Amino acid sequence: MAWTVFSVMIVLLLLGFPMMIPLLAGTLTGFMMIFGNFGQLETAVQQIIAGIRPASLIAVPMFIFAADIMTRGQSAGRLIDMVMSFVGHLKGGLAVSTAAACTMFGAVSGSTQATVVAVGSPLRPRMLEAGYKDSFVLALIVNSSDIAFLIPPSIGMIIYGVVSNTSIAELFIAGIGPGLLILLCFSIFSVIYAVRNDVPTEPKAAWAARFKAVQKALWPMGFPAIIIGGIYGGIFSPTEAAAACVLYALILEVLVFRELDLKGVYETAKSTGLITAVVFILVGAGAAFSWVISFAQIPQTVLGAVGIDDMGAIGVLFVISIAFFVGCMFVDPIVVILVLVPIFAPVVDAVGLDPVHVGIIITLQVAIGSATPPFGCDIFTAIAVFKRPYMEVIRGTPPFIVILLTVSVALIFFPQIALFLRDIAFN
Amino acid sequence: MLTDDTSSLPGFLGTVDLAIAKLEAIMLALGVLLMALNTVANVLGRVFWESIYFSEELNRILIILITFAGISYAARHGRHIRMSAIYDTLPPWPRKLLTIFISLVTAIFMLGLAWYALQFLLTTMGRGRVLPALQIPVWITLCWVPLGFFLTGLQYVLTAIKNMIEPDIYLSTNVLEGYDNDEREV
Amino acid sequence: DTWRYAFEEAETEVQGVFAQKFKEEIEANSDHEVQLFPFGTLGESADIMEQAQAGILQFVDQSPGFTGALIPEAQVFFVPYLLPQDEATLQEFFRNSKAINEMFPELYAEQGLELLTMFPEGEVCMTTQEEVRSPEDLDGVKFRVMTNPLLVESYNQFGATPTPLPWGEVYGALQTGIIQGQENPGFFLDSTKMYEVTEYVTCIGHNNFTTAMMANKDFYDGLSEEDQKLVENATDVAFDHILDYQAGLQDKSLENIKSAKPGMTINILSEEERQPFMDTAPAVEDAFIEMTGESGKEILEQMKADLEAANAATN
Ligand code: NA
Ligand code: NA
């Protein structure tokens with residue numbers, strides 16, 4: 001059954017159908033094969049709706065909205081001007097800043113999609129102006145957003161912790177090491193890219209100019225202050241922080257900078273709604289598809305065929321990595337964690353792996369898979385937000401994927417990359 | 001900015017089509033604004049007084065509304081995500097035929113889902129489940145789902161027809177193919 | 001045949017243990033296969049319930065608290081101090097309660113469900129940042145509860161500020177201080193690591209988390225007499241198994257918590273300390289009757305009669 005379904009999906013995908021159709025066709029084929037007719041398709045509708053309903057997804061439209069207001073107004077420009085005044089003269093400075101901004105944003109957001117939007121929307125135009133190629137810029141944004149999943153808080157880790165009975169606090173701390181390692185690798189790659197492609201630099205800014213840029217960015221610097229202060233001060237949750245950003249962005253652009261009128265706010269809300277719908281129908285269709293996979297017990301069948309019960313610890317970690325990586329290329333990370341973690345639990349236990357180590361590997365694979373074709377949700381988000389064709393969004397991806405996979409392999413052989421901070425904190 | 005909202009249909013049908021487009025747009029914008037307002041109000045309520053007990057449910061209702069009002073609006077503006085690598089390499093005539101084929105098949109999927117969504121709505125109505133906090137029937141929150149699928153299907157039917165009668169290739173009723181240059185528009 | 005059975009918890013939690021025993025029994029005594037679908041694999045609680053009603057799933061486990069959205073009377077399990085506070089009486093109650101074994105099956109049948117059994121999952125305790133000895137200690141405490149009107153009313157009556165929050169955000173919210181307390185059965189406090197982000201566990205005996213196992217009614221009615229008997233027996237075996245498993249589970253969970261975090265304070269309130277909490281029950285009962293009318297009132301009264309009978313039988 002699995003092969004029929006996947007073949008149908010790939011053919012429709014390649015023909016150029018709207019992306020929801022391959023996912024829905026896979027779902028419908030699955031229903032047909034399970035039940036012999038379409039009588040039970042109400043459940044497909046139920047699952048499409050179930051897919052878009054989780055409370056944490058609210059952060060996505062809210063961050064799209066806030067980022068859109070900031071980018072149309074002055075906030076984003078002023079913030080970036082400030083950063084540029086410090087790093088504009090360095091080769092690859094802006095690219096490294098973008099990756100770093102994604103990592104920092106990860107500290108407030110559990111969602112990779114929200115990171116794509118919030119960091120990518122304001123920074124992409126500036127990187128294009130600075131002379132970076134769009135394929136590099138898009139790939140950098142999409143893949144750096146993976147880091148947000150590893151830096152706490154992370155929805156993925158919370159779900160994993162609950163399903164696998166693992167300490168969430170330990171997972172959170174263990175994610176930081178690999179997160180920073182990836183940032184370091186991306187930064188090095190960005191500098192190499194900038195040197196090799198001879199991306200022009202700006203003249204080094206004088207301190208007077210830097211001071212002026214900081215001054216102009218004072219109001220917009222309220223964003224990180226509000227988000228970080230609000231979350232760690234116990235005023236709102238990461239999801240609610242997104243809505244707080246919307247409020248602050250509206251206050252700045254409508255009242256302080258007077259860049260946006262009510263008509264502008266309406267138009268921005270409308271286009272936010274449009275992008276949300278385009279991405280969420282895919283999230284919903286993906287949920288319906290994963291219901292079919294789960295109902296037909298396909299993961300159990302495939303893993304049984306692989307013979308996972310006879311493998312050693314390293315073998316098990318490789319199978320886990322591949323399973324989560326592939327799973328998240330097709331469906332939502334949360335669903336993949338819910339479905340696969342219980343299936344792997346007995347074998348993880350049997351070979352004596354540290355569940356925190358496994359959790360970090362899974363979180364990393366899930367993040368990578370979300371940024372990987374064909375159905376990675378971060379790619380959908382980038383396409384919808386930046387209005388670029390599918391191929392252009394993924395063209396620059398390969399070097400980043402190679403880096404990420406290298407880190408994954410390193411993490412399998414050197415658990416200490418993840419566990420050393422945990423061991424310091426908890427032992 | 002989204003260059004709305006012209007209808008490709010003549011006469012009275014055009015007026016109806018335009019009215020639907022306007023309604024979809026209003027749903028989208030209001031849905032997003034209400035969601036922001038609701039979430040912020042809940043935070044303020046919790047900090048200074050007490051939480052809005054139905055806040056989460058209201059957001060769930062709004063996200064369904066936004067998604068299903070949005071998919072037909074997106075179809076109208078040719079904004080649904082697709083992978084066009086192979087499609088783009090084809091010469092005009094096969095490309096036009098493929099566009100018509102894709103539009104018709106997509107329309108069949110959408111209209112089919114509209115039917116099953118309606119059945120799901122009726123089943124839910126029959127069972128009488130309510131939202132725990134708001135205590136209103138769940139089926140009310142689902143009303144836009146069959147409608148959204150139906151209107152999306154209709155848009156794809158119209159796209160197919162438009163491609164049959166016009167010489168150019170249309171991605172949607174409103175949009176000629178080719179990525180436009182106003183990509184800074186979000 | 002292949003029978004599919006979905007539940008709201010992980011396979012290692014109480015509902016999962018019940019389901020595994022049920023599967024084992026069915027498969028040992030027949031040629032049928034039972035596939036298990038734990039939490040989240042086929043959707044949320046409400047989703048799997050609908051799938052069972054549609055006949056896609058043959059068996060489903062849903063806690064009456066959630067079923068309250070479908071069968072309002074089921075919310076009676078949120079009325080505090082309606083269930084026995086000690087283990088022996090509780091087991092007696094579930095075995096012989098007329099409300100559970102005779103009245104509820106009729107209500108479930110109206111929704112196309114064959115109620116096979118209800119069983120307790122463990123005493124619900126609070127975890128908080130500050131010590132709780134009396135309702136006064138909950139004053140001003142933002143306390144996360146499920147978005148259910150009766151739970152909200154209960155905690156209002158206890159003196160807390162009930163604060164709804166999606167479950168996925170509870171851990172983080174306790175960590176950063178958005179909320180200062182939440183409640184769950186003992187095994188769940190243990191498995192979801194709530195103790196990592198709170199300082200006190202307080203048990204006041206106000207509730208024992210109850211769940212229900214049911215079958216799609218058309219499916220069940222269509223079974224041969226032999227197969228019905230098979231399902232009935234497997235349910236009975238799993239029920240006995242879960243009561244054995246339950247005995248001591250609460251203590252074991254609390255011990256786990258204590259050994260994972262030695263600094264955690266676990267307070268089991270005394271009879272006297274519980275009294276002020278118990279005094280708030282009538283107000284919640286009134287709210288329940290207001291929501292459910294005559295039929296709710298009947299169930300409530302029967303539950304109280306069953307409670308007395310269980311007390312009489314075990315003391
Ligand atoms: Na994060
Ligand atoms: Na994905």
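User: How do the axes of α15(A) and α20(A) cross?
Analyst: In this predicted model, the axes of helix α15 (residues 262-295) of chain A and helix α20 (residues 377-386) of chain A come within 9 Å and cross at roughly 160 degrees. Axes are lines fitted to C-alpha atoms, for helices over the stretch in contact, with angles running from 0 to 180 degrees between N-to-C directions. Helices are DSSP runs (H or I, at least four residues) numbered from the N terminus.

User: Which residues make that contact?
Analyst: I275(A), V278(A), V279(A) and L282(A) of α15(A) make the contact with F380(A), T381(A), A384(A) and V385(A) of α20(A); contact means heavy atoms within 4.5 Å. By class, the contact has seven nonpolar, one polar and no charged residues. Ala, Val, Leu, Ile, Met, Phe, Trp, Tyr, Cys and Pro count as nonpolar, Asp, Glu, Lys and Arg as charged, and the others, Gly among them, as polar.

User: And what is the angle between α11(A) and α19(A)?
Analyst: Helix α11 (residues 168-196) of chain A and helix α19 (residues 355-370) of chain A pack at about 50 degrees, with their axes 9 Å apart. The two are therefore oblique to each other; angles under 35 degrees count as roughly parallel, over 145 as roughly antiparallel, 65 to 115 as roughly perpendicular and the rest as oblique.

User: What classes of residue meet there?
Analyst: The contact of α11(A) with α19(A) has seven nonpolar, two polar and one charged residues. Among them are E170(A) and P178(A) in α11(A), and G359(A) and L364(A) in α19(A).

User: Changing topic: how much area is buried between chain B and chain A?
Analyst: About 6,000 Å², of which carbon and sulfur atoms give 76%. Buried area is the accessible area (1.4 Å probe) that two parts lose on being put together, summed over both. In this interface, 62 residues of chain B are in contact with 64 residues of chain A.

User: Which side chains form the salt bridge there?
Analyst: The rule finds one salt bridge across the interface of chain B and chain A, and E240(A) and R46(B) form a salt bridge at 2.7 Å, N to O. The rule requires a side-chain nitrogen of Lys or Arg within 4 Å of a carboxyl oxygen of Asp or Glu.

User: And how much do chain C and chain A bury?
Analyst: About 2,600 Å², with 56% from carbon and sulfur atoms. I56(C), E169(C) and I178(C) supply 20% of the area that chain C buries against chain A, more than any other three residues.

User: What are the numbering and confidence conventions?
Analyst: Residues are numbered from 1 along each chain as its sequence is written, and chains are lettered from A in the order in which they are written. Local features need pLDDT of at least 70, side-chain atom pairs count only at pLDDT 80 or more, and totals for chains, interfaces and linings use all residues, while side-chain values use heavy atoms, leaving out hydrogens and water.
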